[in-house]
Amino acid sequence: QLQASGGGLAQSGGSLRLSCAASGRSFSSYVMGWFRQAPGKEREFVTRINGYGYTTDYADPVKGRFTISRDNGKNTVYLQMNSLKPEDTAVYYCAASTVWIRTMRDYAYWGQGTLVTVSS
């Protein structure tokens, strides 16, 4: 089970930090990803991190502004979002996969989503 939190309202240029807490064992066995869905748009890949946090991958729109990290001792993955833009407004979802992949259908476990709103 995944529980995302940390969403809210931010101004353009501001920052927010999302958290996703996982229950269960073997958290480090999972690739953790963040996806987002803006109003009226399809859900899209944002970023992913491998089991021990050594490898990360970012979608081009967030590269250089967002940072994914994880603390396996706390079974938690984080998304630090800096230099936020209005186009970052979306519901953000964390997800877990057993494979290193961006494709949503390969993520078996999903959190409930947390809303991020960026005002201009």
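Leaving aside its neighbours within four places in sequence, which residues is Q37 in contact with? They are E42, R43, A90, V91 and Y93, where contact means heavy atoms within 4.5 Å. The legends below take up this residue again after an overall view.

The model shown is predicted, so local features need pLDDT of at least 70 and side-chain atom pairs count only at pLDDT 80 or more, whereas totals for chains, interfaces and linings use all residues. Residues are numbered from 1 along each chain as its sequence is written, and side-chain values use heavy atoms, with hydrogens and water left out.

**View 1. The whole chain, which has zero helices and eleven strands.** Helices (H or I, at least four residues) and strands (E, at least two) are DSSP runs numbered from the N terminus, and along the sequence the pattern reads β-β-β-β-β-β-β-β-β-β-β. The C-alpha atoms fill a box of roughly 40 × 25 × 25 Å along the principal axes. The radius of gyration of the chain is 13 Å, which agrees with the value near 14 Å that a compact globule of 120 residues would have; the radius is taken over C-alpha atoms, and the globule rule is 2.2 Å times the number of residues to the power 0.38. Of the 120 residues, 44% are buried, a term that means under 20% relative accessible area, with exposed meaning over 50% and partly exposed in between (1.4 Å probe, protein chains only). Among contacts between residues at least 6 apart in sequence, 57% join residues at least 24 apart. The accessible surface comes to about 6300 Å², of which 46% belongs to carbon and sulfur atoms; such areas come from the Shrake-Rupley method with a 1.4 Å probe, and for residues only the protein chains shown count as cover.

View 2. With a relative accessible area of 28%, Q37 is partly exposed. Its contacts beyond the neighbours within four places include E42 and R43, as well as A90, V91 and Y93. The C-alpha atom of Q37 is separated by 10 Å from that of V116, although the two residues are 79 apart along the chain.

**View 3. The disulfide between C20 and C94.** A search of the whole structure finds one disulfide, defined as a pair of cysteine sulfur atoms within 2.5 Å, and in this pair the S to S distance is 2.1 Å. The pair links distant parts of the chain, since C20 belongs to strand β3 (residues 16–22) and C94 to strand β9 (residues 90–97), 74 residues apart. The torsion about the S-S bond of C20 and C94 is about 65°, so the disulfide is right-handed. C20 counts as buried at 0% relative accessibility, and C94 likewise counts as buried at 0%.

**View 4. An aromatic cluster formed by F35, F45, Y93, Y107 and W110.** The structure holds seven aromatic pairs; rings of Phe, Tyr and Trp (its six-membered ring) pair if their centres lie within 6.5 Å, and planes under 30 degrees apart count as stacked, over 60 as edge-to-face and the rest as tilted. The rings of F35 and F45 have centres 5.8 Å apart and planes at 75°, so this pair is edge-to-face. F35 lies in strand β4 (residues 31–37) and F45 in strand β5 (residues 44–49), so the pair ties together parts that are ten residues apart in sequence, and both F35 and F45 are buried. The rings of Y93 and W110, with centres 6.4 Å apart and planes at 75°, are also edge-to-face. This second pair links distant parts of the chain, with Y93 in strand β9 and W110 in strand β10 (residues 109–110), 17 residues apart. Y93 is buried, with a relative accessible area of 13%, whereas W110 counts as partly exposed at 27% relative accessibility.

**View 5. Arginine side chains placed over the rings of Y78 and W100.** A charge sits over a ring if NZ of Lys or CZ of Arg is within 6 Å of the ring centre and within 35 degrees of the ring normal. The charged end of R17 sits over the ring of Y78, 4.0 Å from its centre. The charged end of R48 sits over the ring of W100, 4.0 Å from its centre.

**View 6. Positive phi at S26 and N75.** Most residues other than glycine have a negative phi. S26, found in the loop between β3 and β4, has a positive phi near 60° and is partly exposed, with a relative accessible area of 44%. N75 is found in the loop between β7 (66–71) and β8 (76–81); its phi is positive at about 50° although N75 is not a glycine, and at 19% relative accessibility N75 counts as buried.
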